[in-house]
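Thanks for coming. I'll go through one structure today, starting with confidence and the fold of one chain, then the interface, then a few side chains.

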Amino acid sequence: MDPSLTLNPLLLVSGLLFAIGLTGVLARRNLLIIFMCLELMLAAGNLTLVAFSRFHLVDGAPAYDAHVFVFFVITVAAAEVAVGLAIIIALFRSKKTTDVTEVTTMKY
Amino acid sequence: MTFLFYFFSALVLFGGLGVVFAKNPVSAAFSMVISFLGMAALFIQLDAFLIGVLQVLVYAGAIMVLFLFIIMLLDVEEVEKRKLSLPTVIRAGGVGAALVVLISTVLMRGGTAGQALPKLVASPEKSDVLRIGELLFGTYWLPIQIIAVLLLTATVGVVVLSKRELK
C-alpha cells in the first residue's frame, strides 16, 4: 500500500460509517433495517481495530491481537444475527409487522 | 494505490448510505453487501488478509444471505410502505452530524493519528493466518472456548425461538 497514506483518513472513514449506522438505527422504523445498521456499526469498529493494528507494529508485523479481536467480533455478530432474526420472525408471527413503532405492548 | 483506498472507502460509505436511505429492505441488503465488499478490500490493503477473507465469507456471504432469506420469508410488500416521520429523521440526522463533528474535531487535533504507514519487516514465511492461529490457540485459548459455548447457546436459542408453540 502507498506509504503516503496516514491513519487519519482510515479513522475518518470508520467514524463516518459508524455515524451512518447510528443515524440509520435512530431514523428507520423497519426492524430489519435497524438490525443491518447495527451490523454496519460493528463493521466500522472492526475497521478501526485493523487500522490501529497496521499502524502499531510489533517486531515489524502488525499487532495480530487486534485481528484476533476482530475475529471474535465477527463471530459474536454472526451469533447475534442468528438470534436476532429468529426473534424478528417470532415477532412477525405474532404481530404481523416489523415496524418498531407498532410494537408497544410493553410500553404501557 | 491511494486511489484504490479512496475508491473502496467511497464504496463503503455509499453502501452504508444506501442501507439507511433504501425504501426496500432487499435493496438495503444489497447496498450492505457492496459496503462489506469494499470494507474487505480495505482490510486487504491494510495487510489483514485473513480478516478480509472472513469479511467476504462470513459477512457478505453468510450473514447477508441470512438477511435476504428472512426478508424474502417475511412479506416485503406489506412491510414499510409508510413514510418516515420528519421530526425523527431530523433528530437522528442531528445525532449523526454531531458524531461526525466530534470525530473530525478529535482527528484534527493530530497526535499520533497523522503518522505515516510504517513499513512491514516481518519474515514472509510466517503468514498472518499462521500468526493469528498461534494466537487463537495459544494466548487466547480460553476466549475461543467461550466463543464456542456462545455459538452453541445461540444455535439452541434459535431452535427454541423458531418453534411455533412454546410450551
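Chain B has a mean pLDDT of 85, and 86% of its residues reach 70 or more; pLDDT is the predictor's confidence in each residue, from 0 to 100. For the complex, the predictor gives an ipTM of 0.90 and a pTM of 0.90. This is a predicted model, in which local features need pLDDT of at least 70 and side-chain atom pairs count only at pLDDT 80 or more, while totals for chains, interfaces and linings use all residues. Residues are numbered from 1 along each chain as its sequence is written, chains are lettered from A and ligands numbered from 1 in the order in which they are written, and side-chain values use heavy atoms, with hydrogens and water left out.

Now the fold of chain B. Its secondary structure comes to six helices and zero strands, and along the sequence the pattern reads α-α-α-α-α-α. Helices here are DSSP runs of H or I with at least four residues, strands are runs of E with at least two, and both are numbered from the N terminus. Chain B has 167 residues, of which 36% count as buried. Buried means under 20% relative accessible area, exposed means over 50%, and partly exposed is in between, with a 1.4 Å probe and protein chains only. Taking contacts in chain B between residues at least 6 apart in sequence, 54% join residues at least 24 apart; contact means heavy atoms within 4.5 Å.

One residue from that chain as an example. Ile34(B) sits in helix 2 of chain B. Is Ile34(B) buried or partly exposed? At 42% relative accessibility, Ile34(B) counts as partly exposed. Its C-alpha atom is separated by 13 Å from that of Val65(B), 31 residues apart along the chain.

Next, the interface. The size of an interface is often given as the accessible area lost when the parts come together. Chain B and chain A bury about 7,400 Å² between them, and 78% of that is on carbon and sulfur atoms. Buried area is the accessible area, with a 1.4 Å probe, that two parts lose on being put together, summed over both. On the chain B side, Leu46(B), Phe67(B) and Leu117(B) lose the most area to chain A, together 9% of what that side buries. In residues, the contact takes 84 from chain B and 75 from chain A.

Polar contacts between the two chains come to four residue pairs, both residues at pLDDT 80 or more. A polar contact is a pair of N or O atoms within 3.5 Å; within protein, one must be able to donate a hydrogen and the other to accept it, and residues adjacent in sequence count only if both atoms are side-chain atoms. Which helix of chain B gives the most to the side that touches chain A? Helix 3 of chain B does, with 12 residues. By class, the side of chain B that touches chain A has 59 nonpolar, 13 polar and 12 charged residues. Ala, Val, Leu, Ile, Met, Phe, Trp, Tyr, Cys and Pro count as nonpolar, Asp, Glu, Lys and Arg as charged, and the others, Gly among them, as polar.

On to salt bridges. The rule is a side-chain nitrogen of Lys or Arg within 4 Å of a carboxyl oxygen of Asp or Glu. How many does a search of the whole structure find over all chains? It finds two.

One of them crosses the interface of chain B and chain A, where the rule finds one. Asp47(B) pairs with Arg54(A), the closest N and O atoms being 2.6 Å apart. The pair runs from the loop between helix 2 and helix 3 of chain B, where Asp47(B) lies, to Arg54(A) in helix 2 of chain A. Asp47(B) is buried, at a relative accessible area of 19%, and Arg54(A) is buried at 4%.

The other joins the side chains of Arg29(A) and Asp99(A), at 3.8 Å from N to O. Arg29(A) lies in the loop between helix 1 and helix 2 of chain A and Asp99(A) in the segment after helix 3, so the pair ties together parts 70 residues apart in sequence. Both residues are buried, with Asp99(A) at 8% relative accessibility. The side chain of Asp99(A) also makes a polar contact of 2.8 Å with the side chain of Thr101(A).

Last, Arg28(A). This residue is in the loop between helix 1 (7-27) and helix 2 (31-55) of chain A, and is buried, with a relative accessible area of 4%. A polar atom of the Arg28(A) side chain lies 2.6 Å from the backbone oxygen of Val20(B).
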